[in-house]
Amino acid sequence: MNIMTEKDPTLSKNPSLKLKVRFWFRKILPSINRERRGDVRAHLREEAEPDFDYFLLVVLSSIIATSGLLINSGAVIIGAMLVAPLMSPIIGLGLGALIGDEKLLKTAASALFRGAFIAIGVAILLTKFNEALPFITLQTLPEEVLSRTSPSPIDLMIALAGGLAAAFALAQPSISAALPGVAIATALMPPLGVVGIGIAMGRWEVAGGAFLLFITNAVTIAFASMLVFFSLGFSPGTKNGIRVPRSLWISAFVTLLMLIPLTYLSINAFQEASRTREVNAIVAEEIRVHGGELITL
């Protein structure tokens with residue numbers, strides 16, 4: 001105990017369990033000084049501001065994402081993920097909620113909602129344009145579209161890991177090169193493109209599933225960024241140890257709530273796939289018994 005108090009003055013009086021945890025937690029995480037924390041706040045305030053550049057990138061990334069979805073090209077969709085500027089407002093939401101910065105919170109929320117609305121609108125227009133002049137005949141929805149209509153708890157885990165990585169990379173300039181990879185992993189623009197495609201085609205189950213995926217990603221990334229910023233000391237503590245902000249508890253609760261619809265959809269998808277396999281097996285057996293041959297086109 002004496003060794004611990006010599007290394008950290010905060011433990012010199014009444015070394016409670018909270019202070020012990022705080023001491024060892026700070027030893028594990030890299031140190032972020034006050035100046036660096038100020039730089040991160042200033043950077044997010046600037047990046048979350050919905051200016052002309054932001055809206056231009058939203059429009060362009062939506063065009064790329066929707067086009068990639070319509071032609072079923074994963075490579076094109078990846079390009080849209082790299083161009084999309086939606087990650088910064090979401091992380092800005094997390095930081096603003098954590099430190100109680102109302103201006104950052106309002107700015108980031110406005111940028112995110114307006115950007116999402118514009119992206120969906122662009123996707124609707126492109127899909128309608130394709131229906132009027134059918135460059136691509138959408139007899140069935142492309143696989144890249146369908147894969148974003150049934151989110152699962154795995155998608156929440158991906159968004160959580162991606163949000164942790166994104167926030168940590170912003171706080172640590174030495175690993176900022178990881179941000180493009182995070183943008184690819186936590187796809188934000190493609191689900192909005194699928195929402196627009198679903199609305200344009202009158203497929204509301206498609207639009208609803210993709211919108212749930214986008215909300216899951218946004219909520220989970222914001223929560224993950226709050227966790228990272230709290231751990232790095234962006235939120236003020238108390239004299240007696242660590243005070244977990246109420247906003248962090250609320251964000252954690254909302255993130256856990258997202259598991260309810262995701263689990264429900266996953267169970268439904270599993271049951272439907274099981275029924276499909278059973279039907280295929282019965283059909284194949286009947287065809288075999290009667291000496292026929294099943295040909296897949």
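Glu 47 lies in helix H3, which spans residues 34-47. In this predicted model, Glu 47 has a relative accessibility of 35% and therefore counts as partly exposed. Glu 47 also belongs to a patch of negative charge on the surface, where it gathers with Glu 46, Glu 49, Asp 51 and Asp 53.

## Overall fold

The secondary structure of the chain amounts to 14 helices and 0 strands. Read along the sequence, the pattern is accordingly α-α-α-α-α-α-α-α-α-α-α-α-α-α. The chain has 297 residues, of which 41% count as buried.

## Surface patches

Besides the negative patch formed by Glu 46, Glu 47, Glu 49, Asp 51 and Asp 53, the surface carries a nonpolar patch of about 440 Å². The residues that make this nonpolar patch are Phe 52, Leu 56, Leu 57, Leu 60 and Ile 63. One of them, Leu 56, has its place in helix H4, residues 52-70. Leu 56 counts as partly exposed because its relative accessibility is 38%, a value that lies between the 20% limit for buried residues and the 50% limit for exposed ones.

## Salt bridges

The model contains 3 salt bridges.

| Basic residue | Acidic residue | N to O distance |
| Arg 45 | Asp 101 | 2.7 Å |
| Arg 148 | Glu 144 | 2.9 Å |
| Arg 203 | Glu 205 | 2.6 Å |

The salt bridge between Arg 45 and Asp 101 has its closest N and O atoms 2.7 Å apart. This pair links distant parts of the chain, since Arg 45 is in helix H3 and Asp 101 is in the loop between H6 and H7, 56 residues apart. The two partners fall into separate accessibility classes: Arg 45 is partly exposed, at 37% relative accessibility, whereas Asp 101 is buried, at 14%.

The loop that holds Asp 101 runs between helix H6 (87-99) and helix H7 (102-132).

In the salt bridge between Glu 144 and Arg 148, the closest N and O atoms are 2.9 Å apart. Arg 148 has a relative accessibility of 13% and so counts as buried. In the remaining entry of the table, the side chains of Glu 205 and Arg 203 meet at 2.6 Å, N to O. Arg 203 has a relative accessible area of 33%, which means that this residue is partly exposed.

Ile 91 lies in helix H6. Its relative accessibility is 1%, so Ile 91 counts as buried. Ile 91 and Ile 221 are 130 residues apart in sequence, while their C-alpha atoms are 7.0 Å apart in space.

Leu 212 belongs to helix H12, which covers residues 204-231. With a relative accessible area of 16%, Leu 212 is buried. The separation in sequence between Leu 212 and Ser 152 is 60 residues, and their C-alpha to C-alpha distance is 9.9 Å.

## Local features

Thr 255 is found in helix H13, residues 246-257. The side chain of Thr 255 reaches the backbone oxygen of Ser 251 at 2.8 Å. At 6% relative accessibility, Thr 255 counts as buried.

Asn 72 lies in the loop between H4 and helix H5 (74-83). The phi angle of Asn 72 is near 60°, a positive value in a residue other than glycine. Asn 72 has a relative accessible area of 36% and is therefore partly exposed.

Note on methods
Residues numbered from 1 in each chain as written. Predicted model: local features only at pLDDT ≥ 70, side-chain atom pairs only at ≥ 80, totals over all residues. Heavy atoms only, no water. Patch = residues over 30% accessible without salt bridge, like charges linked within 9 Å, V, L, I, M, F, W, Y side chains within 5 Å. Areas by Shrake-Rupley, 256 points an atom, 1.4 Å probe, with all protein chains shown as cover. Salt bridge = Lys/Arg side-chain N within 4 Å of Asp/Glu carboxyl O. Lys, Arg positive; Asp, Glu negative; His and termini not counted. Charge placed at Lys NZ, Arg CZ, Asp CG, Glu CD. Helix = DSSP H or I, 4+ residues; strand = E, 2+ residues; numbered from the N terminus. Buried < 20%, exposed > 50% of the residue type's maximum accessible area, 1.4 Å probe, protein only. Polar contact = N/O pair within 3.5 Å; in protein donor to acceptor, adjacent residues only side chain to side chain.
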